[in-house]
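Me: Got a structure I'd like to talk through. Can you take a look with me?

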Amino acid sequence: MTEDPSNPLEPLERSLNSGSTSPGSAEPETGDAALINGVLQRDQAAMAAIFDRYGRMVYSVALRVLKEPAAAEDVMQQIFFEVWETPRNFVAGRGSLAGWLAVVARNRAVDVLRRRKPSDPVEEVELAADTNLAADAERNIMMEKVRTHLDTLPRDQQDQVQLAFFEGLSHSEISAQTGVPLGTVKTRIRSALISLREAVQA
Amino acid sequence: MIENTHIPQQDLSLYAMQALSLDEQAAVKAHLGACETCRAELALIMGDLALVAMSAEQHPLPEGARERFLERIGADRAGVDPIGSALAVSQKVVSIADGLAQKPRTRRAAAWIPWTAVAALLLVAFGLGIKLHLANIELEQQAARLASEAGVNQRAREVLDVLTAPAAQHILLTAGSPRPAPSARAVYVASRGALVLEASNLAQIDSGKTYELWVIPANGKAPIPAGIFRPDAAGSASVVLPQIPAGVEAKAFGITIEPAAGSSAPTLPIVLAGAPTSAGE
């Protein structure tokens, strides 16, 4: 398995939260954990703050998959409503709230795209590190870094990651569609993710 | 994916993206239940996928989305409260009744007990009634939504029925030329793999032959067969939602004449061809 168990988000957290190295990345007034605690206390203002912080990101991920604003908003509304209904499903140690919401948004949107039942309960989605991406500046820097790296991948590899991640195609469907052997599809997707992890660690 | 060994990273990546077949998905899931190492690796991969997700271009929220969400959680809270409120009120009533009962004491106090219990039950019933009423309202709203969607579906079915009905007459209005040339019009949504083709004035072909529609991928891959068809007596034909993969950007579309069962690769000449004029979605 992996030799280096560190999460790609960790170095970013160190670099962005170290104050003098990143003057533009102001810490948000209230951390995600405090907001989730507020939601546990049925505090609507805390839930509204989470929505304000991540609503645009979740909507954008869903829109990237579904390409229909109304359908993307439905997915976004449902995800945040689940956070409101069952905030205990998001607990400390499950990863950053931003990353968790991004993955759940993608999975739910693909479920809608493929017209299938929600495949994974939200509580099964777990990220490796609890990383603070609550500030807009941190997320924007991270997004730009990821986009830049993905653009450097060979075109075929980019296409296959896009087909698997944003179009929700299975590896065999990608193989059939692109004419690339199954094993090559698997390898390219995996190596793309590894290179992305290394790029954000750099 | 063998029970006693770890799941290869590439399979875990595909599992995380739900890109494995159902059988493979189940096998990985079973292994994860018993393997902490693979669960940890999966969590790392989920972190990678979060990065990919966050690379999506950011768009502003639709107008009113925030208000709709706040209204929803507000209504949710209101929907939960009636029972809780009723119980809280009933407890207050009981304590007031207890206070009143303290003066007469002894048997009069005991006489209040059944009445306070009745009052509490009535209030609980009242609370449940409110809950039921709210549930009925939501049910009615859902029924209205379903009726509306059913209407839209019915309309879509009718359109398809008209387009594909054997008895349908296909009339091409022209500026008076004696014999219009064969033509076809295709509507294609690449992201969904949805394609509808309507052809007119096609020449009749031998019984052992068929027309076949092809999607020519923009990435230079082999043409994808998108349905075989024969024209009616008037030379009209249609292909509606053939089984083709989603996500293929098309450079062009072509129609060829093939053996009756169709072909896996087009046979020249291409009798009709056209390219998309816009990127679509």
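Predicted model: local features only at pLDDT ≥ 70, side-chain atom pairs only at ≥ 80, totals over all residues.

Me: Which residues are buried in helix α8 of chain A?

Reply: In α8(A), residues 171-178, the buried ones are H171(A), I174(A), Q177(A) and T178(A). Buried means 20 or more other C-beta atoms, placed from the backbone, within 10 Å of the residue's own. Helices are DSSP runs of H or I, at least four residues, and strands are runs of E, at least two, numbered from the N terminus.

Me: Why do they line one face of the helix?

Reply: Down the axis of α8(A), the buried residues fall within an arc of 130 degrees, so they sit on one face. The arc is taken from the directions from helix axis to C-beta atoms.

Me: And what covers them?

Reply: The cover includes α7 (155-165) and α9 (182-201) of chain A, plus α1 (9-16) of chain B.

Me: How many residues does the contact take from each chain?

Reply: 68 from chain A and 51 from chain B, with contact meaning C-beta atoms, placed from the backbone, within 7 Å. On chain A's side, α3(A) gives the largest share, 12 residues.

Me: Switching topic, what's the strand order in the open sheet of chain B?

Reply: β1-β2-β5, 3 strands with antiparallel pairing; strands pair if DSSP finds at least two bridges between them.

Note on methods: Residues numbered from 1 in each chain as written. Chains lettered and ligands numbered in written order. Buried ≥ 20, exposed ≤ 12 C-beta atoms within 10 Å, placed from the backbone. Contact = placed C-beta atoms within 7 Å.
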